[in-house]
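Dear colleague,

Please find below the structure that I am handing over to you. A short account of the findings follows it.

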Amino acid sequence: MTNRATTTKSHILECACSLFYRHGFARVGVDQIAEAAGITKRTLYNHFQSKDALAAAALAVQNEYILHQVQLWQLEEAADPRQICKIIFEQLVKWVVQSDWKGSGFTRITMELAELPGHPARKASSDHKAALEALLTRYFALSAATEATQLARRIIILIEGGMSLALIHADPEYLVEAAKTADSMFDSPAAIQSRQQSAGDMGSSHAK
């Protein structure tokens, strides 16, 4: 592939990523993507066989970008697993409060294609989530966390739930609460019992 063809393909993917994220997979057609990229539809099809293939390729690009962004957080330098979680959620909250935030593009397109489990974009989304989970597992393992694989999965669940509810209710506090839940996972049983006891005592005092 020539440099010009590579540049054109990258530009198409950039435009497709932006349009899919802003408007959703179903509402964006190849005509719209071609127009945004300043090319003909024929040129677009010279690079991608179909809209489905283009969506999968666009998600693959986003996967590389997001994994790179996570690596810039320097989680390998965190003191312990708790600090890793703190950094992760702090960064995610910064993203969620941005005015142009519309949730996880991978999750949104998966929901749009829920009835098509074999769709290439569904596979690209699954690959991304698995890659992110694997990356977190590696960071937790480096921090000497016990059961790093299980911990990474639990954090991924909190991230997905927090971001989805933040999108549904247009309220980033759901992700903040997910962060608190993640942090509480590292409390000792004695600390948890003490906090529950304090909450119970406070409730009793209000009842009097």
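Helix α6 (residues 105-112) packs against helix α7 (residues 120-142) at an angle of about 145°, and their axes are 9 Å apart. Here axes are lines fitted to C-alpha atoms, for helices over the stretch in contact, and angles run from 0 to 180 degrees between N-to-C directions. The crossing of α6 over α7 is left-handed, a term used if the near helix is turned anticlockwise from the far one by less than a right angle. On the α6 side, F106, T107, I109 and T110 take part, and they meet A121, R122, A124, S125, H128 and K129 in α7; contact means heavy atoms within 4.5 Å.

Please note that this is a predicted model, in which local features need pLDDT of at least 70 and side-chain atom pairs count only at pLDDT 80 or more, while totals for chains, interfaces and linings use all residues. Residues are numbered from 1 along each chain as its sequence is written, and side-chain values use heavy atoms, with hydrogens and water left out.

Within α7, S125 is buried, as its relative accessible area is 3%. Buried means under 20% relative accessible area, exposed over 50%, and partly exposed in between (1.4 Å probe, protein chains only). Beyond its neighbours within four places in sequence, S125 touches L59, F106, I109 and T110.

As to the chain overall, its secondary structure comprises 10 helices and 0 strands. Helices (H or I, at least four residues) and strands (E, at least two) are DSSP runs, numbered from the N terminus. Of the 208 residues, 36% are buried. Among contacts with a separation of 6 or more, 61% join residues 24 or more positions apart. The accessible surface is about 12,300 Å², and carbon and sulfur atoms hold 54% of it; such areas come from the Shrake-Rupley method with a 1.4 Å probe, and for residues only the protein chains shown count as cover.

Two further sites deserve mention. I168, in helix α8 (residues 148-169), counts as exposed because its relative accessibility is 61%. Together with L165 and Y174, I168 forms a nonpolar surface patch of about 280 Å² of accessible area. E177 belongs to helix α9 (residues 173-184) and is partly exposed, at 40% relative accessibility. A salt bridge is a side-chain nitrogen of Lys or Arg within 4 Å of a carboxyl oxygen of Asp or Glu.

Yours sincerely

Notes:
Patch = residues over 30% accessible without salt bridge, like charges linked within 9 Å, V, L, I, M, F, W, Y side chains within 5 Å.
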